[in-house]
Every structure is written in C-alpha cells, then in structure tokens.
Amino acid sequence: MKNYVLVLLLFFSATGFAQQNKVELLQKKLTSYFEEDTVKALIYIDLADLLVFSEIDKSEGFAEKGLDLSKKLNWQRGIAASYKSIGNVFFQRGSFVTALENWQQSLAIAEKENHMLLAASVVGNIGLVYQ
C-alpha cells in the first residue's frame with residue numbers, strides 16, 4: 001500500500017512539473033517568435049489550455065489573443081479552438097451560460113470546417129454542463 005501511494009505521489013508530482021515545464025517552454029517560445037501566423041495562435045491557445053486550472057486570468061488573456069490572431073488570419077480552426085478555450089475559462093469560473101455560448105460557437109465552426117476531433121471534444125465539454 002505504501003508503495004502504491006508513493007508511486008501515485010511521484011506520478012502527480014512529475015505530471016505537474018512536466019506541465020509547468022511546457023508552460024515555461026511555450027512562454028519562452030512566444031517571446032522569441034515574431035511571426036503573426038497560425039503557429040503563434042496555437043501557442044496562445046496551448047497556453048490558455050495549460051493555465052485554465054492554475055492561472056485563469058492568464059488563460060483567458062491567452063485565449064483572447066489566440067482568437068484575435070486567428071480572426072486576423074481568418075484561420076477557422078484557430079477560431080474554433082479559441083472559443084473552446086474561452087468556454088473552458090468561463091466553465092471554471094462557474095459561468096455556465098457563457099461557457100455554453102462559446103462552446104456552441106466553437107462547435108459550429110468545427111463542424112462546418114469538418115474538424116471532427118475538435119467538435120467531439122467540444123461536445124464532451126457541453127455535456128459537462130448538463131451532468
């Protein structure tokens with residue numbers, strides 16, 4: 001039993017450490033990446049998703065930046081992913097109606113653009129509201 005608890009403790013410690021390393025890596029990449037393209041939009045979206053449980057205000061800021069850049073580029077997948085991330089922020093804050101509105105926008109775009117993996121993920125999120 002002690003070994004089992006120790007293994008779980010090490011796993012969760014390593015997972016948190018690995019996630020923090022990914023956040024630091026993406027933030028460093030962001031400061032040295034000067035192109036306004038889909039790569040930068042993805043970095044914003046990834047940071048939003050990684051920070052939604054720990055630094056919700058930063059998460060929202062990155063999601064909004066991802067949305068703004070994706071709209072500027074007319075990159076539909078990025079717009080859909082950004083709306084999903086914004087919905088995640090509102091869900092964590094307990095603003096379920098606003099979360100649903102953002103997820104529904106994300107789902108509509110994902111389905112229109114035939115991004116079924118993203119659409120499926122959003123449908124799963126919508127289901128959380130109705131649990």
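The model is predicted: local features need pLDDT of at least 70, side-chain atom pairs count only at pLDDT 80 or more, and totals for chains, interfaces and linings use all residues. Residues are numbered from 1 along each chain as its sequence is written, and side-chain values use heavy atoms, with hydrogens and water left out.

Helix α5 spans residues 96–112. Its 17 residues reach 24 Å from first C-alpha to last, close to the 24 Å expected at 1.5 Å a residue (1.5 Å times one less than the number of residues). Helices are DSSP runs of H or I, at least four residues, and strands are runs of E, at least two, numbered from the N terminus. N114 follows α5 and has a positive phi, near 60°.

Rings of Phe, Tyr and Trp (its six-membered ring) pair if their centres lie within 6.5 Å; planes under 30 degrees apart count as stacked, over 60 as edge-to-face and the rest as tilted. F91 belongs to helix α4 and W103 to helix α5, so the pair ties together parts twelve residues apart in sequence. W103 is buried, at 1% relative accessible area. F91, F96 and W103 form one aromatic cluster.

The chain has six helices and zero strands. Buried residues account for 37% of its 131 residues.

Methods: Buried means under 20% relative accessible area, exposed over 50%, partly exposed in between (1.4 Å probe, protein chains only).
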